[in-house]
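Welcome! Here is a short tour for anyone meeting this structure for the first time. Please keep the sequence and the 3D view at hand as you read.

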Amino acid sequence: MNQTLKLEHPVTTRWLLRFALPTIISSIVMNIYSTVDGIFVARWVNTDGLSAINITMPMIFLISALGMMFGSGGNALVAKKIGEGKHREAKEDFSLLVVVAFVFSVVLAVLCFLFLDPLCRFLGSDDALLPLCRAYMIPVLVTIPFAIFGIVFQMSYITVGKANLGLIFSLLGGVLNVVLDWLFIAIFHWGIAGAAIATGIGYAVPSLIGVVWFCVKREQALCIVRPKWRLHTLLQSCANGASEMVSVLAFSVVTILFNNILMNLAGSDGVASLTIIWYAQELFSGMFRGYITGVSSVVSYNLGKGDKERLARAFRISIRTIAVAGVAVVAVSCLAGGAVIGFFAKGNQNVYDVALRGFRIVAVSFILMAYNVFSSGWFTALNDGKTSAILSFCRTILFMVVPVLVLPRLFGVDGVWLSLSVGEGLSLLMTIYYFVKYRKVWTPERGTVGQTELQ
């Protein structure tokens, strides 16, 4: 069955979940890369190593930002063109985006190498943590092109109807990362550098497989062909994916700010506690991001066809699904939070106490985060990069920065954790506003709705 026929399938809850499931799992696996590093570093190095990983984490976010911009924005565009029947143009645009993504990644890596020490200090490192930050950053910078390609290809597998392949390759990279973390850290004692090398290899293998796949499989909806320069393609793709890029970049800025505030309030133990909470938040965020990424080709395809009935049904199903998943995430967080934190903070009671208190405060915000992540991806899939970028910017900058600058002055370390919940709450209000404002984009006019598809 080709991808066009798959996208024509009746939109039901079961089908959407099955369609998105490989991407959800892949997204979770991608987020587990840094989490696995944290686990091994926390247990075989020390919590200072965990702090160093968190300080350098904005660079990981920057890499993800570029991959998400080219991947989500570009695939929203090419899926729309496939829906319009412009198959050759879609392949040329896809190939152009792959080439430009590679050039961007190489330039970024070179610049970071040239200014490595100032960069680490800007991210929040002090003299004591600088050697650890350098040791982790250098292997990460080498693997920037692989990481960006991996994200672009992951989304492209969905567009060509091969999401299961994306899942398989992500799992392969994840297993490699775990095995090599154990080998490099626990056996070879390479410390924090071993964690970064393992992560880099975990990124590289699926990316290289992806290059070969899209070069060889030329009968599918997307493959690598001779690219044709179209400036408007790059601009539109970047605009479509700007929200994801803005979201990740803004989160990097917020992470730097949080690190500096916690370093002043609670020292390196506070930064280590934040690292543990970030791991949990990113894991759940990756799950919800994986869902909207998984169904985005369905949304973009039906947008290209002008089928509002199917779009409206996809929206309603998604809203219900996220509500159920969000409640489940909050429940799991409340019940298992202590065990998870204890696993990371073994041997450091202060880190455990600070992280557990923070996690309990933050857990309530996870269901709010679910809808905020979905809304950004939804508008990206609708090729409305402007609205998506506004939502992402306000969520990750305006609604996070202002509370974290104010609340810690009133509540100390607790104010840092409260600012996360307050920010997600304010973001949800804006999400609801834009859903109401633009609902006509995906809602059929009265009298034009056909027979409702059976669920």
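This is a predicted model: local features need pLDDT of at least 70, side-chain atom pairs count only at pLDDT 80 or more; totals for chains, interfaces and linings use all residues.

## Before we start

Rolling a probe the size of a water molecule over the atoms shows where empty space is left. In this model, six cavities of 30 Å³ or more turn up. Let us visit the second largest cavity, which holds about 180 Å³ of space. Its lining is made of 18 residues, and those nearest the centre are Ser72, Met155, Ile292, Thr293 and Ser296.

Which helices supply at least two residues each to this lining? They are α3 (47-83), α7 (144-159), α11 (242-305) and α14 (366-381). The most comes from α11, with seven residues. By class, the lining of the second largest cavity has ten polar, six nonpolar and two charged residues.

Now turn to the second largest pocket, where about 250 Å³ of space lies. There are 17 residues in its lining, and Thr35, Ala280, Leu283, Val340 and Phe344 are the ones nearest its centre. Two or more lining residues come from each of α2, α11 and α12 (308-344).

Here α12 gives the most, with seven residues. The lining of the second largest pocket counts 14 nonpolar and three polar residues, with no charged ones.

## Two helices side by side

Two packed helices are described by the angle between their axes and the distance between the axes. For α3 and helix α4 (residues 87-114), the axes come within 9 Å and cross at roughly 170°. Because angles over 145 degrees count as roughly antiparallel, α3 is roughly antiparallel to α4.

Where do they meet? On the α3 side the residues include Met59, Leu62, Leu66 and Phe70, and on the α4 side they include Phe94, Leu97, Val100 and Phe104. The residues of this contact divide into 15 nonpolar, two polar and three charged.

Gly83 also has its place in helix α3. Setting aside neighbours within four places in sequence, Gly83 is in contact with Tyr301 and Lys305. From C-alpha to C-alpha, Gly83 and Asn302 are 7.0 Å apart in space, although 219 residues separate them in sequence.

## Aromatic rings

A pair of aromatic rings is described by the distance of the centres and the angle of the planes. The count for this model comes to 24 aromatic pairs. One of them joins Phe40 and Trp44: the ring centres are 5.3 Å apart and the planes are at 20°, so the pair is stacked. Phe40 and Trp44 lie four residues apart in helix α2 (residues 13-44), so about one helical turn separates them.

Definitions and conventions:
Residues are numbered from 1 along each chain as its sequence is written. Side-chain values use heavy atoms; hydrogens and water are left out. On a 1 Å grid over the protein atoms alone, a cavity is a set of points where a 1.4 Å probe fits but cannot get out, and a pocket is an open set with protein on both sides within 12 Å along at least five of seven lines; lining residues have an atom within 4 Å of a point. Grid points are joined across faces, edges and corners, and a volume is the space filled by probe spheres set on the points. Ala, Val, Leu, Ile, Met, Phe, Trp, Tyr, Cys and Pro count as nonpolar, Asp, Glu, Lys and Arg as charged, and the others, Gly among them, as polar. Axes are lines fitted to C-alpha atoms, for helices over the stretch in contact, and angles run from 0 to 180 degrees between N-to-C directions. Angles under 35 degrees count as roughly parallel, over 145 as roughly antiparallel, 65 to 115 as roughly perpendicular and the rest as oblique. Contact means heavy atoms within 4.5 Å. Rings of Phe, Tyr and Trp (its six-membered ring) pair if their centres lie within 6.5 Å; planes under 30 degrees apart count as stacked, over 60 as edge-to-face and the rest as tilted.
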